[in-house]
Amino acid sequence: MRPALSFVTALLALALAPPLVADDDQITVYSARQEHLIKPLFDRFTEETGIRVRYVTDNAGPLLARLKAEGRNTPADMLMTVDAGNLWQAAEEGVLNSVDSETLRSNIPGYLRDPDGQWFGLSVRARTIIYSTERVDPDELSTYEALAEPEWEGRLCLRTSRKVYNQSLVAMMIARHGEEKTQEIVEGWVDNLAASPFSNDTSVMQAIEAGQCDVGIVNTYYFGRLQKDDPDIPLALHWANQDEHGVHVNVSGAGITRHAGNPEGARKLLEWLSGEEAQEMFGALNLEYPASEDVPLNDLVAAWGEFDPDTINVSEAGRLQVPAVMLMDRAGYR
Ligand code: FE
């Protein structure tokens, strides 16, 4: 009886014990980016380095909750997500580790990464003004702030304030103008709305195309998707705030987890993702902009022309997210 029991116990212990040596040839990534946007990159990385990449995809919130709950038992070596607000949150919650990498510092401009090195922007999304080429003269357009002027009454469409993209945009406006002025601007937007806020950027553009409104604010890659389907769509982008601080940009990015079992492998992947080949793929896959400068753009994206981005550190989007949400609520922006 006794020997049999200890044999079973030993078997159980073997089955339940974590491997004694971490697998250096494998990394696990928790990704809020969809599979079709990351798999081609991971496949190339594996081809070049021999390091395999396992990944779990979900929304940013559940992935962060999971990382926290798993603590030091997490299988994740890297967290990859969109929006500096989400990356900032992950750093705040203590699930990431600082990375000190000359490669990352030289490939990724300072304003697109965490000042403490806990996360790095890997692609840039520009959020700017979109307008009807049938009903708007581009000379009428200038800034996000000017969309609060009375001339746009009944002509503006916006996505819901519940989307982190708009929370980040308003957070950046708070960083630039302070709360009082920003609230006046947001109230002006609300006064100018032609329709209740939409659930996504594509609906905003469809409403403009349908004549429900004339202008909106969207991430450019959503416009790129519509343009791919219909090159003659009567909409165009206006680069906002070019005489002020520049177009509001945000990032998708990644950081190495605090309890990574293979932090060296994760660092290799992060550095590789910041390199030219991966940066060019990033742009092409989702019609975004590379985070690294001097990387060639996808043709469709290049055709939109050049713009100056707002180079305030994108981590401000996280730091001021709560005040931004409260401000939009006070302004009646739903
Ligand atoms: Fe998006």
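Is Y165 buried or exposed? Y165 is buried, at a relative accessible area of 7%, where buried means under 20%, exposed over 50% and partly exposed in between (1.4 Å probe, protein chains only). Keep in mind that this is a predicted model, with local features needing pLDDT of at least 70, side-chain atom pairs counting only at pLDDT 80 or more, and totals for chains, interfaces and linings using all residues. Residues are numbered from 1 along each chain as its sequence is written, and side-chain values use heavy atoms, with hydrogens and water left out.

**Iron site**

- The iron ion gets its protein donors from three tyrosine OH atoms, on Y165, Y221 and Y222, at 2.0 to 2.1 Å; donors here are N, O and S atoms within 2.8 Å of the metal (3.2 Å for Na, K and Ca), and with water not among the atoms, sites may look incomplete.
- Along the sequence, the spacing of these donor residues reads Y-x55-Y-Y.
- Y165 in helix α6 (residues 164–177) and Y222 in helix α9 (residues 220–229) are 57 residues apart, so to speak a link between distant parts of the chain; helices (H or I, at least four residues) and strands (E, at least two) are DSSP runs, numbered from the N terminus.
- Y222 counts as buried too, at 12% relative accessibility.
- K163 puts its charged end over the ring of Y165, 4.5 Å from the ring centre; the test is NZ of Lys or CZ of Arg within 6 Å of the centre and within 35 degrees of the ring normal.

**Aromatic pairs**

- Searching the whole structure turns up six aromatic pairs, meaning Phe, Tyr or Trp rings (the six-membered one for Trp) with centres within 6.5 Å; planes under 30 degrees apart are stacked, over 60 edge-to-face and the rest tilted.
- F42 and Y55 make a tilted pair, because their planes sit at 45 degrees, with ring centres 5.8 Å apart.
- F42 is buried at 2%, whereas Y55 is partly exposed at 24%.
- Y221 and Y222 also pair up in a tilted way, 4.4 Å centre to centre with 40 degrees between the planes.
- One aromatic cluster is made of W239, Y289 and F307.

**Around Q183**

- Q183 lies in helix α7 (residues 179–192) and is buried, with 17% relative accessible area.
- Its side chain makes a 3.0 Å polar contact with that of R330 (N or O atoms within 3.5 Å; within protein, one able to donate a hydrogen and the other to accept it, with sequence-adjacent residues counting only if both atoms are side-chain atoms).
- Beyond neighbours within four places in sequence, Q183 is in contact (heavy atoms within 4.5 Å) with L327, R330 and A331.
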